[in-house]
Amino acid sequence: MKHFFIKLVDDLVASMNRFIAASFFTVCLFLVGSYIVIFEPIDSNLNLGLRIILTISFGILFCTFTKLLFERFSERLKVNQFLLNIAMIVLSAISYFFLKNFDTDNYVVLGYVGIMTTFFVGIIYLSTIDNLSKSFSFILKNIIFYIFICGIITAGTMLCIFAFDSLIYKFTNIDKGYQIIGLAIWSVLFLNLFLASIPHRDSELKIPNIFKTIVVYAALPVYLILIVILYVYIGKLIANWSFSSGNINWFASFAAAFFVFFAITVEQYKEDNKLARLFIKYGGYFIIPIVLIQFMAMYIRVSNYGLTFPRYVSVVLNMIALLFSIASLVKGGKYSKQMLPVIMCATLLLTITPLNAIDVPIRNQSARLVNVLNKYDMIQNENIVQNSNVSDDDKIKISDSYQYIVSSGGHLPSILNGKASKKSFSELFGFEMKSNDQFQNERYVNYYYEYKSIQIAGYSEFYSIQPGDLIDGDNGSKILKLNQSGNPITFDPKKEISELYSKYGEQYNKPMVFETKDGKIILTSISFTIDNTGNIKVMEFFGYFLLK
């Protein structure tokens, strides 16, 4: 036990000394998170805190990636470590300004996720020693182990606090104490232990036998059973000479993703395990047909319903799986490691280039929409004109494309921009939205507004609406129920939201202030669904209640 904790502390200290800048940001993450927990900032102050957390998270990965990069080329690049750490911290802080519209701009969100993913994959690539299989398994083993350790420490610490609170001394705001302790353990201890799991170039990679047992003897056979099931299904399709594009999608995607995992982790055991050797030698041959079948399924879906964010990402991921399966067949997977830069480039392609996963589907759906509208001469002088004499099938195509475009959060095409963006669907096309799918008949809408200030003069209490204050009303629609000073207060926002929707449609970004007999409701956001008959179901809402 003593040696275990000494090693844990030694790993932690070594990690903080090696990744000084990244470790600095883990402490900052704890401090900012604790501030938010203790002081509960609202609106702009809360958004500021969350934006700082995003900046800090970026800094952790950026500094780790940059440090590894300089370690890799340390013989060529002689850099003062102190100046390097200062430079990394300053460059990370600059990212704060690029996150200005993170809460409202989907492009910023997509770019952030893409860059963070690229840094993470880059860290795995730069951490590779000798071969990808051992390095990846070493890191994965340590991460799982440290998650287990931190989970035990978290549970044990909270149990001790609960016992002390119940038996000896009653704390006030004990929930905040739990959250701060959790932040300390996971943002400082776990993240620095994660950094400690990144091997040095001269590290000896020891993989415990239990990892081999789990991966080779337990998980891999189950995966091979899934492959057999998929081949039986493919045989059934060939025998019946029919192809359903929807049934195989998820299973084939899982099979492709786990092939990449097993191709990486099992490779190290090919010399002393026959099953591992056979999988590395022939696994690629078996997964390639499944990936090709997946491409056929995607082609059918895209041809019938157009390109969407998930379909576009799925196409790229399947291309990566196909390339990885081919690479695994070349010289026993010698070049599998080089697929990591391919994944990094594909991630950046999907997130920060003109071929990003928002704009490409919008362009595809816009072209699909224009083709149908031109069929009925519904575009004149680059404006949409109404026409109710449209077939049901084409109404569905128009409805699906329009709904995807306006709800994607991307740049609207010219025919849906300007005055057209202020019109409802029926005002724009001359008929009601139509769909074959009952689920598609329900459109998901979110209204959001950020208040710079709130006037509270003339009111006795200011109350923040929390998720626990919402209960189910008619048909599961959420309503507000409060009990202030013994006075039960209820508020159903359906009527007010219905009026806003009928006037502004799905695009509304203005104050949502409603007077009631007990005071004033100020909503900061509300999410709801609306079907083709106009029935609204409120899913959740947040804001404030001002009591008279």
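This is a predicted model: local features need pLDDT of at least 70, side-chain atom pairs count only at pLDDT 80 or more; totals for chains, interfaces and linings use all residues.
**Entry 1**

Residues are numbered from 1 along each chain as its sequence is written, and side-chain values use heavy atoms, without hydrogens or water.

Helix α9 covers residues 249-265 and helix α11 covers residues 309-329. I read an angle of about 40° between them, with their axes 10 Å apart. The crossing of α9 past α11 is left-handed.

Next I listed the contacts (heavy atoms within 4.5 Å). From α9 come S253, A256, F259, V260, A263 and I264. They meet S314, N318, A321, F324, S325 and S328 in α11. I sorted the residues of this contact into 7 nonpolar, 5 polar and no charged.

**Entry 2: R51**

I found R51 in helix α3, residues 43-72. R51 is buried, with a relative accessible area of 16% (buried means under 20%, exposed over 50%, partly exposed in between, with a 1.4 Å probe and protein chains only). I left aside neighbours within four places in sequence, and R51 is in contact with Y96, F97, L99 and K100.

**Entry 3: a hairpin**

I followed strand β8, residues 512-515, and its side chains alternate. M512 and F514 point to one face and are buried. A hairpin through 3 residues joins β8 to β9. The two strands run antiparallel, joined by 4 bridges. I noted I521 in β9 as the bridge partner of F514.

Definitions and conventions
Axes are lines fitted to C-alpha atoms, for helices over the stretch in contact, and angles run from 0 to 180 degrees between N-to-C directions. A crossing is left-handed if the near helix is turned anticlockwise from the far one by less than a right angle, and right-handed if clockwise. Ala, Val, Leu, Ile, Met, Phe, Trp, Tyr, Cys and Pro count as nonpolar, Asp, Glu, Lys and Arg as charged, and the others, Gly among them, as polar. Two strands pair if DSSP finds at least two bridges between them.
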